[in-house]
Amino acid sequence: MTELRSILDEAARQGLISPEAGGQLLPFLTQRGVAVVGPQPIIAAEGEAWSDTETPRFVRGFHDVLITIGVVVALIGLWGLAPLYAVPAAIIVLSEILVRRQRLALPAVSLTIALFCWTFLLMSRVFTPWTSEIGAELTQFVAGFPILLAVYYARYRVPLSLALAIMSTLALALTLLLRLVQWLSGNPAFFVDHLALLAAISLLCALGLFATALYFDFGDRLRRTTRSDIAFWLHLGAAPALLYSTVSLMSFGEGGRIFDLANMSARTPVVVATVAALMLIGLIIDRRAFVTSGLLSLGVAIFSVFRQGSATVDTYIFTTLIVVGAIVLIIGTGWMPLRRLVLRALPPAIANRLPPG
């Protein structure tokens, strides 16, 4: 009965049935002896195409798109006319109607993003964290995000809100760790002179975010529950964090910045190798976020290579677009065959915990 109740609750969260209908269906099904049979492992046969498993539930129809457009336009108008403190009231009212009652997926995402943006503006007005010293105001600035986003998730169960709460919690842990190292050193601007250590600590936090995303992924191998949606958003944040911290760590002598066009050509091999590693990880765990997040940096690296030559501006811009577009098309069209090759090379103990190939 407990398993049947959890299934009905999940169906209500996905908008397949209303919560009231789920409560009425439970005694109806149990009285008639309906039992839940554990899912059998699904293995893709040789030559059989496995359907795309990375399908976060953003849109369930054009109705969601239309409502989302209305939400975005209305909130932008309210943002421009009303005080800042009037925006969360509108977000709550819309969330009660569109998320809690109607269970609309895309409006839920847009309202979560609106809450995140509002929190950012509010914290920016209250605190001034933009200094070279990692002080108390930066910690207080970051601390507001996990609190508000966690409360929003507890009320409306939006996967993106939980993912953002987890990411902001790790960001808070990062600031606390940096402040501790800074305090032990006795130098308020310690990390200005030690960019390599800053990149190493950031890489540890990025790996922690990636491990958290894998935790949600491994708990839903076939991507049937909201755990998969939470993992999707976490991977979307973990991939650029891993990319930025890794490249910064391997090129800290040049300032640790990825998008520095003056020095990008010298770091192109590092960027390409890191993006290739992220693409391989994305193939293994069947997450395209690791591919898409690295394309911007890859494009900047290729752009800088052509920029060093004698080609005109138009030539190296369009050449960069062609190269990146070709990479996207090759990986996109050959994703499943490439993934089957990668899965065959893995030990069965690891491959059986991953989505089928």
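**View 1. Tyrosine 152 and its surroundings in the predicted model.** Leaving aside neighbours within four places in sequence, tyrosine 152 is in contact with Ile91, Ser95, Val99, Ala108, Leu111, Thr112, Leu115, Arg157, Val158 and Ser161, where contact means heavy atoms within 4.5 Å. Tyr152 is also, together with Ile91 and Leu234, among the residues with the most contacts inside the largest nonpolar core, which has 77 residues. Such a core is a set of buried Ala, Val, Leu, Ile, Met, Phe, Trp, Tyr and Cys residues joined through side-chain atoms within 4.5 Å; buried stands for under 20% relative accessible area, exposed for over 50%, and partly exposed for values in between, with a 1.4 Å probe and protein chains only. The model is predicted, with local features needing pLDDT of at least 70 and side-chain atom pairs counting only at pLDDT 80 or more, whereas totals for chains, interfaces and linings use all residues. Residues are numbered from 1 along each chain as its sequence is written, and side-chain values use heavy atoms, with hydrogens and water left out.

**View 2. The salt bridge between glutamate 96 and arginine 155.** The closest N and O atoms of this pair are 2.9 Å apart, a salt bridge being a side-chain nitrogen of Lys or Arg within 4 Å of a carboxyl oxygen of Asp or Glu. Glutamate 96 belongs to helix 4 (residues 87–101) and arginine 155 to helix 6 (residues 136–156), so the pair ties together parts that are 59 residues apart in sequence. Helices (H or I, at least four residues) and strands (E, at least two) are DSSP runs numbered from the N terminus. Arginine 155 counts as partly exposed, at 38% relative accessibility.

**View 3. A network of salt bridges that links Asp217, Arg223, Asp286, Arg287 and Arg288.** Within this group, arginine 223 pairs with aspartate 217 in a salt bridge whose closest N and O atoms are 3.5 Å apart; arginine 223 is buried at 6% relative accessibility, and aspartate 217 is likewise buried, with a relative accessible area of 6%. Aspartate 286 forms a salt bridge with arginine 288, with the closest N and O atoms 3.7 Å apart. Of these two residues, aspartate 286 counts as buried at 1% relative accessibility, while arginine 288 counts as partly exposed at 26%. A search of the whole structure finds five salt bridges.

**View 4. The packing of helix 8 against helix 9.** Helix 8 (residues 195–218) and helix 9 (residues 226–250) pack at an angle of about 160°, with their axes 8 Å apart; axes are lines fitted to C-alpha atoms, for helices over the stretch in contact, and angles run from 0 to 180 degrees between N-to-C directions. The two helices are therefore roughly antiparallel to each other, a label given to angles over 145 degrees, with under 35 counting as roughly parallel, 65 to 115 as roughly perpendicular and the rest as oblique. Their crossing is left-handed, in that the near helix is turned anticlockwise from the far one by less than a right angle, clockwise being right-handed.

**View 5. Phenylalanine 58 in the loop between helix 2 (19–31) and helix 3 (62–81).** Phenylalanine 58 is partly exposed, with a relative accessible area of 24%, and, not counting residues up to four places away in sequence, touches Asp64, Ala105, Leu106, Val109, Phe232 and Trp233. The C-alpha atoms of phenylalanine 58 and alanine 105, which lie 47 residues apart along the chain, are separated by 5.2 Å.
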